Amino acid sequence: MQQKIVYTSGIETTEQANKMETILKEMIGVYDANVDLSNGHISVEFETPANLNSIEKEIYDSGFKVLY
């Protein structure tokens with residue numbers, strides 16, 4: 001299992017954070033996702049078939065920017 005941090009922008013409210021966490025947790029292979037509003041990042045635990053590219057694409061497709 002891997003744990004990565006994805007830095008984002010645009011997630012500003014608790015409602016947006018909860019929605020993003022739910023979307024990521026519904027992905028096959030993602031075990032946990034936590035949005036940190038104060039630091040602007042998402043911590044994600046995942047394993048195959050999920051990968052960092054598919055997670056970042058899901059964040060982008062949800063309307064938020066992936067910084068790095």
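Because the model is predicted, local features need pLDDT of at least 70 and side-chain atom pairs count only at pLDDT 80 or more, whereas totals for chains, interfaces and linings use all residues. Residues are numbered from 1 along each chain as its sequence is written, and side-chain values use heavy atoms, with hydrogens and water left out.

The chain contains two helices and four strands, where helices (H or I, at least four residues) and strands (E, at least two) are DSSP runs numbered from the N terminus. Read from the N terminus, the order of elements is β-α-β-β-α-β. The radius of gyration of the chain is 11 Å, close to the 11 Å that the globule rule gives for 68 residues, so the chain is as compact as a globular protein of that length; the radius is taken over C-alpha atoms, and the rule is 2.2 Å times the number of residues to the power 0.38. Along the principal axes, the C-alpha atoms fill a box of roughly 30 × 20 × 20 Å. In an unreviewed entry, UniProt lists residues 2-67 as "domain: HMA"; its positions are given here in the numbering used for the chain, feature names are shortened, and annotations may be inferred rather than shown by experiment. The end C-alpha atoms of that span lie 20 Å apart, and the span is 33% helix and 35% strand.

The four strands form an open sheet in the order 2-3-1-4, with antiparallel pairing; two strands pair if DSSP finds at least two bridges between them. Strand 2 and strand 4 (65-66) are the edge strands, each pairing on one side only. Strand 3 (residues 41-46) has five of its six residues buried, so it is largely enclosed by the rest of the structure; buried means under 20% relative accessible area, exposed over 50%, and partly exposed in between, with a 1.4 Å probe and protein chains only. Strand 1 (residues 2-9) pairs with strand 3 in the antiparallel sense over six bridges; in strand 3, Val44 is the bridge partner of Lys4 and His41 that of Tyr7. Six bridges also join strand 2 (residues 30-36) to strand 3, with Phe46 of strand 3 as the bridge partner of Val30.

The helices lie across these strands. Helix 1 lies across strand 2 and strand 3, at about 165 degrees to strand 2, and helix 2 lies across strand 1, strand 2, strand 3 and strand 4, at about 30 degrees to strand 1. Axes are lines fitted to C-alpha atoms, for helices over the stretch in contact, and angles run from 0 to 180 degrees between N-to-C directions.

The largest nonpolar core has 16 residues, and those with the most contacts inside it are Met20, Leu24, Ile42, Ile55 and Ile59. Such a core is a set of buried Ala, Val, Leu, Ile, Met, Phe, Trp, Tyr and Cys residues joined through side-chain atoms within 4.5 Å. The elements giving two or more residues to this core are helix 1 (14-25), strand 2, strand 3 and helix 2. Apart from neighbours within four places in sequence, Ile59 is in contact (heavy atoms within 4.5 Å) with Val6, Thr8, Met20, Leu24, Ile42, Phe64 and Val66.

Two backbone features remain. Strand 2 and strand 3 form a hairpin with four residues between them, and Gly40 in the turn has a positive phi of about 70 degrees. A cis peptide bond joins Thr48 and Pro49, with omega about 20 degrees; Pro49 lies in the loop between strand 3 and helix 2 (52-61).
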